[in-house]
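Please study the sequence and the structure, then work through each solution in order.

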Amino acid sequence: MSLGLRGASVGVALLFVVFLLLFEVLPGLLLARVFWNEGHFSLASWAEATRPLFQRALRNSLELAFYSALQGAVLGTLTAWALWSSSNPLVKRFTTGLSAVAANFAGPPLAFAFIVLLGGNGFFNLILKGLGLPTVDIYGKEGLYWVYLYFQWPLMTVLMLPAFGAIQREWLEAARSLGSSQWGFWWRVGIPVLLPSILGSYILLFANAFGAYATVYALTQGQRNLLPLQIGFQVGGDIGYNPVLASTLALMMALVLAVSLVLYRLSRRWAARMEQV
């Protein structure tokens, strides 16, 4: 590498470090101010953050993240298995590309798409009304699962495709030659090898749903009691402006995500050991 290119790479690396310090590390350190009140250590903001309103917000967020990640993990794993089993490269490339796009399609555009299709006067709901059938309520609790499934399912598919790549087809042929059924192969070999990756990907989906803000806000206009929305309310209005409480709630969310990150790292180590067996 020439001296000029090396200098450029060092400069880009330093710029990235500065970016991380300013927008990743510094905001995290500023959250520690919740423990200080008028120059003294205080847990007053924690007492306010554990009011029933915010307890319900935390419970609702955990429940939404848990179940939306679960349904995305099941369907995404089955889709990745179907792609692994397919011998058509065109189907694989098309489905993989479509999944990558859908996994990143979220926020207000996704909310608008669902409103157009399944809102109160959405396309499909008007058809259901015309047929005298019950309509779909995307603004309620169950409706949010449908919206979250839109990006959780393809995200799980994209995450699991490399994991299925570790399954050698020769293993399946060897198992068949020894008299094992296809189900027996997956039960004794395939699933144990894939299990760490499934758990790790599920944790990523859980964290993805737990911190989601723009999609649910654009869809419900803040009518759902979720932790990210409560944080936004504390810093987004003049009447309820309370940055200390917002920092406390954000710290609670950061702790949940930190636990998720630790579990994800443990699952990756487990997956690495299984791939070496």
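**Exercise 1.** Which residues line the second largest pocket?

*Solution.* The structure is a predicted model, in which local features need pLDDT of at least 70 and side-chain atom pairs count only at pLDDT 80 or more, while totals for chains, interfaces and linings use all residues. Residues are numbered from 1 along each chain as its sequence is written, and side-chain values use heavy atoms, with hydrogens and water left out.

Step 1. On a 1 Å grid over the protein atoms alone, a cavity is a set of points where a 1.4 Å probe fits but cannot get out, and a pocket is an open set with protein on both sides within 12 Å along at least five of seven lines; lining residues have an atom within 4 Å of a point.

Step 2. The lining consists of T79, T95, L98, S99, A102, L149, Y150, W153, P154 and T157.

Step 3. Helix α7 (141–165) contributes the most to this lining, with five residues; helices are DSSP runs (H or I, at least four residues) numbered from the N terminus.

**Exercise 2.** State which element gives the most to the lining of the largest pocket.

*Solution.* Step 1. The lining has 14 residues, and T77, L78, F164, I191 and I198 lie nearest the centre of the pocket.

Step 1. Both α3 and α9 give two or more residues to this lining.

Step 2. The element that gives the most is α9, with seven residues.

**Exercise 3.** Identify the residues that line the largest cavity.

*Solution.* Step 1. S61, L64, Y148, A209, F210, A212, L226 and P228 form the lining.

Step 1. At least two of the lining residues come from each of α3 (52–85) and α9 (182–210).
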